[in-house]
Amino acid sequence: MSISRRKFLGWMGAAGLGVTAGTKARAASNAHFEGYPNSLAVLHDTTRCVGCRRCEAGCNKVNDLPAPATPFDDLTVLDRKRRTDAESYTIVNRYGAGGEGQAPLFRKNQCNHCLEPACASACFVAAFHKTPEGAVVYDASVCVGCRYCMIACPFEIPTYEYDKALAPRVMKCTMCHPRVLEGKLPGCVEACPVEALSFGSREEMLKIARERIRKQPERYVDHIYGENEMGGTSWLYLAGVPFRELGMREDLGVTPAPKLTSGALGAVPIVVGLWPVLLTGIYAVSKRKDKIAEEEKRQAVAQAVEAADQKAAEAMAKAREKAEKEKTGAIDKAVKEALAEAERKAQEEAAKAAAEAAAPTDDTAEGPEGTTPPAPSDPKPTEEDA
Amino acid sequence: MSASRTAVSRSLLTPFNIVAGLILAVGLVITVMRFTGGLGAVTNLSDYNPWGLWIGFDLLVGVALAAGGYVTSAACYIFGLKRFHSAVRPAILTGFLGYALVVFALHYDVGRPWRLPYPFIVQPGTTSLLFEVGACVALYLTVLFIEYSSAPLEWLGFRKARNLVVRLTMVLTILGVVLSTLHQSSLGALYLIAPSKLHPLWYSSYLPIYFFVSSIIAGLSMVIFESSLAHRYFHDKMDETHRRETDGVALGFGKAASLVLFGYLLIKVIGLAVDNNWHYLTTGWGAWYLVEVLGFVALPCYLYAVGVREKNLTIIRRTSGLAVLGIVLNRLNISLVAFNYHLPSSERYFPHWMEIAISVFVVTVGILAYRFIVTHMPILYEHPEYKDAH
Amino acid sequence: MEGGFFTLQDFMYFTKGVTYLIMVGALIAVTAFWLYLTDRDEDVTAEHEEE
Ligand code: SF4
Ligand code: SF4
Ligand code: SF4
């Protein structure tokens with residue numbers, strides 16, 4: 001994949017390429033990726049490094065970085081641990097100088113140009129990519145500034161221009177990619193006075209490193225840092241002490257960064273493929289359940305109503321009968337009562353009238369006439385209980 | 001109807017308004033500083049600590065706590081739990097506001113916010129989990145906006161548009177759940193790429209699953225929590241249905257949250273076993289991890305259960321607060337506390353006060369927007385003209 | 001670059017790109033398919049729409 005191809009790889013580009021590249025990568029799911037053949041690398045032999053900071057100066061010059069606060073020949077900066085920052089792509093630190101007679105150790109730090117860069121895997125605008133030449137390069141023209149690349153890099157290399165308001169960039173060593181394309185050496189390699197840095201194809205650098213270890217086993221620990229770390233890097237290190245004493249992490253493992261996320265990324269399309277089916281299924285089932293429940297309810301109600309209807313019919317017949325009885329009973333009772341009342345009143349009136357006959361003053365005629373009900377037919381004796 | 005409801009004659013100088021006004025003023029000043037002086041002027045971010053509070057809190061916590069929208073609408077529309085219906089609208093509103101604020105806050109955090117659409121229109125970084133998160137959040141925000149838009153459409157009286165949105169509910173709900181599953185889990189998956197920086201007790205290949213499951217807990221708990229707050233402050237804005245159903249919602253969601261917390265606890269333990277991390281439990285980090293898992297997962301799980309068994313709404317409401325805190329703690333642990341655990345303390349990150357101020361500012365904007373919307377639009381009550389249509 | 005991929009990163013960049021496009025298609029397709037599936041099923045469609 002060249003820069004130009006990647007650049008044009010927009011959505012549509014990806015779709016179009018599916019036809020051409022897809023066939024060639026058919027067996028790639030279990031394929032092993034070896035990296036670009038003949039890609040270049042730097043070998044840093046820390047046993048040779050004298051901590052002169054010339055590489056820092058060289059890097060500063062070839063990359064037109066701002067002049068440092070303390071000049072490069074001031075070695076007192078080595079007294080404290082430094083890291084790469086937005087104004088320096090590379091840093092030399094001193095380690096382990098403590099014991100008497102023990103020579104201090106130095107290590108140069110910069111981007112390791114991973115074979116499978118975590119920064120490239122993490123960037124959501126694909127601003128980083130591994131070039132066939134070996135460098136991992138960054139494209140500030142698309143960078144959004146999320147700084148996820150900095151989270152991802154296991155070597156804590158990328159830095160950010162936090163002080164720029166308008167166009168902050170991620171800053172990191174470029175392995176002098178433009179110079180290398182011109183056939184020149186990286187600035188730091190060129191500047192190194194003691195050949196602690198060598199530049200060439202990665203295979204060749206590995207060969208040289210192995211050769212040195214073989215020839216002087218007492219000088220070197222038997223490990224080439226970067227051969228396999230995080231899937232391998234294009235910056236390789238030799239050391240005379242365990243690498244952790246040079247401030248390098250030995251617990252990074254050999255898993256290339258893209259592998260760390262491939263599981264989660266692989267799950268994404270599966271969720272997209274199956275979730276809608278699953279959820280629609282659940283929806284349909286719960287809908288169906290509702291409907292069945294409703295249906296059952298309706299049926300149950302219908303049955304109940306039917307049964308109830310029959311019962312009700314019977315009950316109604318009975319009830320009607322009873323009601324009839326009751327009604328007649330009630331009427332009879334009422335009539336009886338009314339009659340009794342009338343009788344009583346009539347008697348009262350009669351008595352009253354008789355009593356008042358001697359002194360006829362009041363209107364007595366209304367009472368008996370108004371209250372006397374029309375005589376009903378024969379009162380029938382009935383039961384009163386309900 | 002809105003006219004009558006807005007006629008709340010209250011003095012503008014309530015203590016709440018004064019505090020909110022102050023926060024907004026400070027926030028605006030810092031905003032100017034941020035966009036003229038760069039991130040360095042207002043944050044403690046460094047090359048070792050590229051992500052600070054604005055990612056840890058505003059993004060991770062914000063998205064997790066906005067999960068109520070998808071959880072509630074899934075419960076109501078997909079699982080057919082109609083009795084939660086009155087909870088859907090407030091939950092979708094908070095979801096929508098939550099996501100809108102997350103996106104708003106991101107503009108502070110990224111270096112060149114005007115390029116935020118670049119991953120989708122210029123050059124997609126398809127291998128990045130962040131790309132996945134970005135795509136889903138952008139889509140989901142749109143989905144939430146459409147779902148939520150039925151409320152302002154009712155408010156404005158656009159009947160046709162509103163009915164179309166309601167017709168789409170099912171499709172939107174399913175799409176929302178799919179997108180939420182993806183980006184909630186992918187937020188956890190963001191950290192998969194940095195096993196060497198995140199403490200092993202928090203790093204796990206199950207991180208995406210942890211984030212997804214805990215987002216359900218966050219969603220359920222937030223709905224309970226918000227509804228108890230809304231009850232206190234917006235009681236007059238609620239209709240009968242809402243008031244009647246709230247207790248049922250709290251009970252039902254409390255039960256669900258308890259169950260999910262139980263499952264979450266189980267998979268946390270399984271995670272320990274899978275990576276053989278038991279021995280870390282005896283270290284200081286282990287103690288902190290146990291505080292998180294026992295105090296903010298196991299405890300709320302138990303308390304919810306007690307509350308549900310005893311039908312005690314007070315316990316459930318208090319527990320929801322605890323559970324929400326637990327999610328906040330978990331997200332901050334992963335993004336800030338346990339991240340870069342290997343660095344010396346001098347290189348560790350602690351937020352600058354201005355970062356905190358911006359986070360407070362963002363939350364305040366959210367509360368004000370929420371207040372404006374529930375006092376004006378049919379959120380906590382059903383619009384009289386559309387009662388039938390639900 | 002004579003075809004193929006040299007790094008896992010490039011391989012994934014390409015395959016994930018294709019997968020994303022498929023995902024967009026899948027979401028549209030599943031909706032369309034559901035409509036096709038329940039087209040004649042008046043009940044479900046009606047419910048589907050009214051809910
Ligand atoms: S060392 Fe870091 S910045 Fe350099 S290529 Fe590797 S991951 Fe990227
Ligand atoms: S800061 Fe820039 S280069 Fe780094 S991941 Fe974000 S967009 Fe990519
Ligand atoms: S390779 Fe180039 S950019 Fe990298 S450290 Fe050396 S001089 Fe600097």
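1. Some ground rules. This is a predicted model, where local features need pLDDT of at least 70, side-chain atom pairs count only at pLDDT 80 or more, and totals for chains, interfaces and linings use all residues. Residues are numbered from 1 along each chain as its sequence is written, chains are lettered from A and ligands numbered from 1 in the order in which they are written, and side-chain values use heavy atoms, with hydrogens and water left out.

2. Start with the interface. 63 residues of chain A are in contact with 61 residues of chain B (contact means heavy atoms within 4.5 Å). The area buried between the two chains comes to about 5,200 Å², and carbon and sulfur atoms give 62% of it; buried area here is the accessible area (1.4 Å probe) that two parts lose on being put together, summed over both. A:Phe124, A:Ile151 and A:Tyr162 supply 14% of what chain A buries against chain B, more than any other three residues.

3. What about charges and polar pairs? The rule finds one salt bridge across this interface, and A:Arg147 and B:Asp109 meet in a salt bridge through their side chains (3.0 Å, N to O). The term means a side-chain nitrogen of Lys or Arg within 4 Å of a carboxyl oxygen of Asp or Glu.

4. Which element gives chain A the largest share of its side touching chain B? That is α9(A), with 17 residues; helices (H or I, at least four residues) are DSSP runs, as are strands (E, at least two), numbered from the N terminus. By class, that side of chain A has 42 nonpolar, nine polar and twelve charged residues. Ala, Val, Leu, Ile, Met, Phe, Trp, Tyr, Cys and Pro count as nonpolar, Asp, Glu, Lys and Arg as charged, and the others, Gly among them, as polar.

5. Now the ligands. Around ligand 3 there are 13 residues, the closest being A:Cys59, A:Asn63, A:Cys173, A:Cys176 and A:Cys188 (a residue is near a molecule if one of its heavy atoms lies within 4 Å of it).

6. Finally, two spots to look at. A:Glu156 has a positive phi of about 55° although it is not a glycine, and it sits in the loop between α5 and β6 of chain A. A:Met175, also not a glycine, has a positive phi near 55°. A:Met175 is buried at 3% relative accessible area (buried means under 20%, 1.4 Å probe, protein chains only).

Terms used:
Buried < 20%, exposed > 50% of the residue type's maximum accessible area, 1.4 Å probe, protein only.
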